[in-house]
Amino acid sequence: MMDSIAQLREKIESAIIQDKAALESFRRDFISKKGQIAALFEAFKQLSTAEKKTIGPALNGLKDAAEKKFKSAASLLESATSSSTEQPAVDVTLPAFGPVMGSLHPLTIVQNKIISIFQRIGFNLAEGPEIVGDWHNFSALNFPDNHPARDMQDTFFVQRNPDQLLRTHTTSVQISTCAAQSPPIRSIAVGRVFRNEAISARSHCFFHQVDGMYIHTDVTFSDLKGTIYHFVESMFGKATKLRFRASYFPFTEPSAEVDINCRLCQGKGCTVCKQTGWVEILGAGMIDPHVLTNCHIDPEQYSGFAFGMGIERIAMLCYQIDDLRLFSENHLAFLRQFTAG
Ligand code: DAH
């Protein structure tokens, strides 16, 4: 008897109930009064009292399992067909979904535009790694050891090798480019940079930069100004106002920062321009002779200018975005607003 119960339990457990016909045959085979479980109960009556004691619970357990399986299959089938009584769950007459078109990320759109503006005036695209040594990120760029200028850029160091770090600016690519080429050099480097900063609407622990440089005989500050004016006009339009402010970078001398009039408030003053009407878009200057020497370029013979900007900042001004975090949060509602163009 125990064997028959075990065999039947196996049959019940492995039964597949996918539709109403299968449900009905399950009921007929196992649950109904003429079913196999009822037959076992009939045989049970003939057993001795001692046998009944051991077999009774097993038989009741089998009956419960069959009823449970029947009920849950019945309710599943009921809910699958309840919306359209006897209709299949899939409505094959519905129109198909159209193809979903992707679009470029706003940072990619702006980055491509910046690259093409500089490529059209003869700059080549240079590449450099995101993990660099202290030399490329700091020392060769004239940041002395323990100089407070290193604090300007909170750095992520590689734990196992503290000489290696996540680059804090794409200016590091200037050093590898100069090592690989000799003047005249006219190049821009684009990529991701990292700083140990708290994430907020205005700062992030990673962002993107474009860094450019031009090294040749007799390069002057007017060449720098001409290039920046050309860039600002091509990127933001002819009517954009800009100004150069004296500044400090260890790798340029003299150094400047360039502001344009705030496009979010048309110069009236808002949170993005900190009520000044001006927004800083880039840093620039004449490459410090020490940097040229570090790259084995003779500063007596050559001079150069350099500039660097954050792509997020430019994109925020182009698209009137006031929160930096939107660029990395991957919200489709945000991203779908940008079609390549
Ligand atoms: N590396 C600077 C920064 O991250 C930006 C910069 C300033 C780059 C002046 C330059 C430059 O090449 O000449 O803030």
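In this predicted model, a polar side-chain atom of histidine 169 sits 2.9 Å from a nitrogen atom of the ligand. Arginine 195 also reaches in with its side chain, putting a polar atom 2.8 Å from an oxygen atom of the ligand. Alanine 306 takes part through the backbone: its N or O atom lies 3.2 Å from an oxygen atom of the ligand. As for how much of the ligand is wrapped up, the protein covers 91% of the 350 Å² of accessible area that the ligand has on its own.

The ligand is found in the largest pocket.

Turning to the aromatic side chains, the structure holds 16 aromatic pairs. One of them brings together phenylalanine 41 and phenylalanine 44, with ring centres 6.5 Å apart and planes at 70°, so this pair counts as edge-to-face. The cut-off behind that label is an angle of over 60 degrees between the planes. Both phenylalanines belong to helix α3 (residues 36–44), and because phenylalanine 41 and phenylalanine 44 are three residues apart there, about one helical turn separates them.

Proline 183 and proline 184 are joined by a cis peptide bond, with omega at about 0°. Proline 184 falls in the loop that runs between α7 (172–180) and β4 (185–194). Another cis peptide bond leads from glutamate 253 to proline 254, this time with omega near -5°. Proline 254 is placed in a strand, β7 (residues 252–261). Histidine 296 stands out in another way: its phi is positive, at about 60°, although the residue is not a glycine.

Key:
Residues are numbered from 1 along each chain as its sequence is written. This is a predicted model: local features need pLDDT of at least 70, side-chain atom pairs count only at pLDDT 80 or more; totals for chains, interfaces and linings use all residues. Side-chain values use heavy atoms; hydrogens and water are left out. A polar contact is a pair of N or O atoms within 3.5 Å; within protein, one must be able to donate a hydrogen and the other to accept it, and residues adjacent in sequence count only if both atoms are side-chain atoms. Accessible areas come from the Shrake-Rupley method with a 1.4 Å probe; for residues, only the protein chains shown count as cover. On a 1 Å grid over the protein atoms alone, a cavity is a set of points where a 1.4 Å probe fits but cannot get out, and a pocket is an open set with protein on both sides within 12 Å along at least five of seven lines; lining residues have an atom within 4 Å of a point. A molecule sits in a cavity or pocket if more than half of its atoms lie within 2 Å of its grid points. Rings of Phe, Tyr and Trp (its six-membered ring) pair if their centres lie within 6.5 Å; planes under 30 degrees apart count as stacked, over 60 as edge-to-face and the rest as tilted. Helices (H or I, at least four residues) and strands (E, at least two) are DSSP runs, numbered from the N terminus.
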